[in-house]
Amino acid sequence: MPQDDDARLDPRVQRTRTLLQDALLALARERTLDEIAVADVADRATVNRSTFYQHYPDTDTLLADALDTRAAAAGADLSSIHPGLGAAPPDVLVRYAEHLAEHADLYRRAFGEHGSPVAVTRLRRRVDQLSLEGLRLHGTPGALADLPPEVAAAAFGGAVIGVLVAWLEQEPLAPAHDAATWAWAAVRGWPAADPV
């Protein structure tokens, strides 16, 4: 979350941010994200607009923080994935897919066509960083060996996010474990080149 260390330690700041996050998530269950204004969130959180702006620049950043907070509370913070190459998806990826499934309507809105660019960008950066760590540990697949490492990592990250978004669009939604398995298969199915 984009919070400075002092803000994380101040319980009043954390309490206000939690109020704002809860308000936005409640509103997002009632209407589309582009219909939710700062004034709506402030009213629902029982704070004024200036208080909102003391904590967040816009509703997109608030949504991204709210999604990150909920994922971490569910034990599904993707930053804790160890970039290994076992056949089974890492437990945290399964928990993340379970978290997405529990809140599928919200994530469909957040990651959909009229969703939150901040939330999607934050997720993409997190997955790209994990992919880069995995490439450094296990080597780059031959097909991607001539690409800069950050570009190769983006190819992996895009595959994971693409699988999860496509899964969220399914009706009925396949089990979360299947989605995690598909996402993991998309990145571990590449034969690795010998590390340089």
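Residues are numbered from 1 along each chain as its sequence is written. Because the model is predicted, local features need pLDDT of at least 70 and side-chain atom pairs count only at pLDDT 80 or more, while totals for chains, interfaces and linings use all residues; side-chain values use heavy atoms, with hydrogens and water left out.

Me: How many helices and how many strands are in the chain?
Reply: Helices (H or I, at least four residues) and strands (E, at least two) are DSSP runs, numbered from the N terminus. From that end the elements run α-α-α-α-α-α-α-α-α-α. The count is 10 helices and 0 strands.

Me: What percentage of the chain's residues count as buried?
Reply: Buried means under 20% relative accessible area, exposed over 50%, and partly exposed in between (1.4 Å probe, protein chains only). The chain has 196 residues. The buried part is 42%.

Me: Among contacts between residues at least 6 apart in sequence, what percentage join residues at least 24 apart?
Reply: A contact means heavy atoms within 4.5 Å. Contacts between residues at least 6 apart in sequence form the set here. Those joining residues at least 24 apart make up 63%.

Me: How far apart are the end C-alpha atoms of helix 5?
Reply: The expected span of a helix is 1.5 Å times one less than its number of residues. Helix 5 has 15 residues (59-73), so it should span 21 Å. The distance in the model agrees: 21 Å.

Me: Which residue caps the N-terminal end of helix 5?
Reply: Buried residues of helix 5 include T59, L62, L63 and L67. Their cover includes helix 2 (11-28), helix 6 (91-102) and helix 8 (117-138). At the N-terminal end, a side-chain oxygen lies 3.2 Å from the backbone nitrogen of D60. The capping residue is D58.

Me: Is Q21 buried or exposed?
Reply: Q21 sits in helix 2. Its side chain joins that of Y56 through a polar contact of 3.0 Å. Such a contact is a pair of N or O atoms within 3.5 Å; within protein, one must be able to donate a hydrogen and the other to accept it, and residues adjacent in sequence count only if both atoms are side-chain atoms. At 1% relative accessibility, Q21 counts as buried.

Me: Why is the pair of F52 and Y53 edge-to-face?
Reply: Rings of Phe, Tyr and Trp (its six-membered ring) pair if their centres lie within 6.5 Å; planes under 30 degrees apart count as stacked, over 60 as edge-to-face and the rest as tilted. A search of the whole structure finds 3 aromatic pairs. In this one, the centres are 5.4 Å apart, and the pair is edge-to-face because the planes stand at 80°.

Me: Which residues form one aromatic cluster?
Reply: F52 and Y56 form a tilted pair, 6.3 Å centre to centre with 50° between the planes. F52 is buried at 0% relative accessible area, whereas Y53 is partly exposed at 41%. The cluster is made of F52, Y53 and Y56.

Me: What is the phi of T46?
Reply: Most residues other than glycine have a negative phi. T46 lies in the loop between helix 3 and helix 4. At 69% relative accessibility, T46 counts as exposed. T46 is not a glycine, yet its phi is positive, about 55°.

Me: Which residues does the cis peptide bond with omega of about -5° join?
Reply: Most peptide bonds are trans. P172 lies in the loop between helix 9 and helix 10. The cis bond joins E171 and P172.
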